[in-house]
Amino acid sequence: MSAVSPPVPRGAADAGRTRALWRLVCATALIVLGFSTVQPLLAVLLQQRGVPASAIGLFATLPFLTIALMLPVLPWAFARLGVARAYRSGLLLQTAAVLGYALHDGYGWWCACSVIGSIGIAAEWNGTEAMVAFNAPPATRGRVTGMYQTLLGAALAIGPLLPALADAAWPGLSPRALLLVAPLIFVAALPLATVAVLERLPVARPEARSATLWTALRLRPALVWIAFAGGVFETGLASISAAHGAQLGLS
């Protein structure tokens, strides 16, 4: 006769889910730190090579264009792979993309790496936000979401400073060396977001199976337009501003 495992007390299950949620939040903050470190650095390198501003702008747009195009595909990917494996697969794709930047200098190659890495970003970022929304305790959901977004904001602010700090600490350190070190940030996220941790965080409810992305767009069109306008200024200016600063002669 097989032994039956005793049920896990609800309080213990809730505490385990909360710990898993914060590990996920920290892992995604590291991922955003790596992304925000690499993107401005790449834009500056392109400017230094004489790439036209329009081409740099296109390169800066690719991650977010890729994420937008991936949105309708993500529910299928999450259902097929499971969110845990989709998240970790995305992390591996992003790590490979950053290594790709260091291994070859061609503009077309970098654009291809950007698209590959951004497919991973789409799985990571959207998976995280779904897991936060579904698993944060209802009484503290706003607080948890606020802390998560604050960590992301801090990562976005700190990332562009890291190359400058590295240059101050190790004068003469080449950008290629920085690109070779950058994947370590993504690797550091792997032990935080293990499959066992992520599988504690479901992202679907039976009553929501018929809902789609277009359902959300119809229900909250104003929120979508506000998010779009905010995104243009939040992300669209970061890389191109770094390239413009380099063109003006800033270090």
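Colleague: Which residues do ring pairs link into a cluster?

Modeller: The model is a predicted one, in which local features need pLDDT of at least 70, side-chain atom pairs count only at pLDDT 80 or more, and totals for chains, interfaces and linings use all residues. Residues are numbered from 1 along each chain as its sequence is written, and side-chain values use heavy atoms, with hydrogens and water left out. Rings of Phe, Tyr and Trp (its six-membered ring) pair if their centres lie within 6.5 Å; planes under 30 degrees apart count as stacked, over 60 as edge-to-face and the rest as tilted. The cluster joined by such pairs consists of Phe35, Phe64 and Trp125.

Colleague: How many aromatic pairs does the whole structure hold, and what is the distance between the ring centres of Phe59 and Tyr101?

Modeller: A search of the whole structure gives six aromatic pairs. One of them joins Phe59 and Tyr101 edge-to-face, with 75° between the planes. This pair links distant parts of the chain, 42 residues apart, with Phe59 in helix α2 (residues 53-70) and Tyr101 in helix α4; helices are DSSP runs of H or I with at least four residues, numbered from the N terminus. From centre to centre, the rings of Phe59 and Tyr101 are 6.3 Å apart.

Colleague: Are Trp225 and Phe228 buried or exposed?

Modeller: Trp225 and Phe228 form an edge-to-face pair, 5.9 Å centre to centre with 80° between the planes. Both lie in helix α12 (residues 221-235), three residues apart, about one turn of the helix. The relative accessibility is 63% for Trp225 and 53% for Phe228. Trp225 and Phe228 therefore both count as exposed.

Colleague: Which helix gives the largest share of the lining of the largest cavity?

Modeller: On a 1 Å grid over the protein atoms alone, a cavity is a set of points where a 1.4 Å probe fits but cannot get out, and lining residues have an atom within 4 Å of a point. The largest cavity has a volume of about 100 Å³, and of the 15 residues that line this cavity, the closest to its centre are Phe35, Gln39, Gln94, Tyr101 and Ile121. Helices α1, α4 (83-103) and α5 (107-135) each supply at least two lining residues. The largest share, five residues, comes from α5.

Colleague: How much space lies in the second largest pocket?

Modeller: A pocket is an open set of grid points with protein on both sides within 12 Å along at least five of seven lines; points are joined across faces, edges and corners, and a volume is the space filled by probe spheres set on them. Helix α1 gives the most to the lining of this pocket, with five residues. The space in the second largest pocket is about 590 Å³.

Colleague: Is Thr212 buried, partly exposed or exposed?

Modeller: Thr212 is in the loop between α10 (195-198) and α11 (213-219). Thr212 and Pro75 are 137 residues apart in sequence and 8.4 Å apart in space, C-alpha to C-alpha. With a relative accessible area of 41%, Thr212 is partly exposed.

Methods
Buried < 20%, exposed > 50% of the residue type's maximum accessible area, 1.4 Å probe, protein only.
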